[in-house]
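Me: I have not looked at this structure before. Please take me through it, and tell me what each term rests on.

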Amino acid sequence: MESSAKARGTGIARRPPEYVAEKMEQGKAVIAVTTSGEWVGFCYIENWSHGEYVANSGLIVAPAYRKSGVAKSIKHKIFNLSREKYPDAKIFGLTTGLAVMKINSDLGYEPVTYSELTQDDAFWEGCKSCVNYETLMSKERQNCFCTAMLYDPKDHYKPEETKEFFEKNKKGFERLLRLKQWKLFKKKENNGTGNGNSKPKSFLFHLFNL
Ligand SMILES: CC(C)(COP(=O)(O)OP(=O)(O)OC[C@H]1O[C@@H](n2cnc3c(N)ncnc32)[C@H](O)[C@@H]1OP(=O)(O)O)[C@@H](O)C(=O)NCCC(=O)NCCS
């Protein structure tokens, strides 16, 4: 996971192997394998704020098996497992990728601001090992390179609605992901001062807290 994040130039909240092993032992992971036992993909469950929030983390598919629906299938399985284990928990994810945004939208997740995520320090501590941690802290944990998405079991749109919303706004999301990278990099270069550039702000712009 770490080398994959490095290769795509994004950060990652690094977890020790023992932590990930424990998730497997506790039945809080989905592992995809071929019939001959070759590893294909992985994802695991974390819970925060005393079970109020659940995150489906560490999604990865082996390069040879990408673009054939494996991630989609893993995410569906881990989502159902999370709902089974923590029926009242809000399920959230942080991602820098459009593919994951798409899969999440198919499941009923909606993009949210960071203020709607767990405020459990232990969760954010995990970001310490990410190369973008300084940016996250300079924004007082309100924004970073990752996009936040949430499924609230008590108050959520139907998956058909979030799916439609994603499809309609896909191009905008793509542009905003790029813009976000550019803007945050610029802030880094300017040592956190920004350039005061004021373009007309759309709904999506506000959502991304730019
Ligand atoms: C992101 C990743 C998990 C996707 O795995 P995958 O098995 O190739 O994904 P799927 O085939 O299930 O694709 C799911 C959807 O995303 C789309 N998609 C896949 N890769 C994409 C990409 N790079 N850009 C845009 N869309 C993409 C697919 O077309 C598919 O859409 P569809 O349902 O309309 O067909 C995989 O590329 C990976 O492991 N990357 C490195 C680790 C990573 O980025 N993890 C996510 C951290 S949040």
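Reply: This is a predicted model. Along the sequence, the chain runs α-α-β-β-β-α-β-α-β-α-α-β-α-α, a pattern made of eight helices and six strands.

Me: How do you know how far the pLDDT of the chain can be trusted, and what is its average?

Reply: pLDDT is the predictor's confidence in each residue, from 0 to 100. The chain averages 86, and 84% of the residues score at least 70. Over residues 192-200 pLDDT stays under 50, and the model has five contacts beyond four places in sequence for them. Where pLDDT is low, the predicted coordinates should not be read in detail.

Me: What makes a residue of α3 buried, and which ones are?

Reply: A residue is called buried if 20 or more other C-beta atoms lie within 10 Å of its own. In α3, the residues A71, I74, K75, I78, F79 and S82 are buried. They lie on the same side of α3 because they cover an arc of only 135° around the axis. For exposed residues the count is 12 or fewer, and N80 and E84, on the other side of α3, are exposed.

Me: What covers the buried residues of α3?

Reply: The cover includes the strands β1 (29-33), β2 (39-48), β3 (53-61) and β4 (90-95), along with the helix α4 (98-107).

Me: How do you know whether the span of α3 is close to the expected one or far from it?

Reply: The expected span is 1.5 Å times one less than the number of residues. α3 covers residues 70-85, which is 16 residues, and the expected value is 22 Å. From its first C-alpha to its last α3 reaches 22 Å, so by this definition its span is close to the expected one.

Me: Which residues are closest to the ligand, and how many surround it?

Reply: The ligand is surrounded by 18 residues, and the closest are R66, A71, K72, T95 and A99.

Me: What makes up the shell around the ligand by class?

Reply: The shell has nine nonpolar, five polar and four charged residues.

Me: Which residues of α4 are buried, and what follows this helix?

Reply: V100, M101, I103, N104, S105 and L107 are buried in α4. G108 follows α4 and has a positive phi, near 105°.

Definitions and conventions
Residues are numbered from 1 along each chain as its sequence is written. This is a predicted model: local features need pLDDT of at least 70, side-chain atom pairs count only at pLDDT 80 or more; totals for chains, interfaces and linings use all residues. Helices (H or I, at least four residues) and strands (E, at least two) are DSSP runs, numbered from the N terminus. The arc is that of the directions from the helix axis to the C-beta atoms. Two residues are in contact if their C-beta atoms, placed from the backbone, lie within 7 Å. A residue is near a molecule or strand if its C-beta atom, placed from the backbone, lies within 6 Å of it. Ala, Val, Leu, Ile, Met, Phe, Trp, Tyr, Cys and Pro count as nonpolar, Asp, Glu, Lys and Arg as charged, and the others, Gly among them, as polar.
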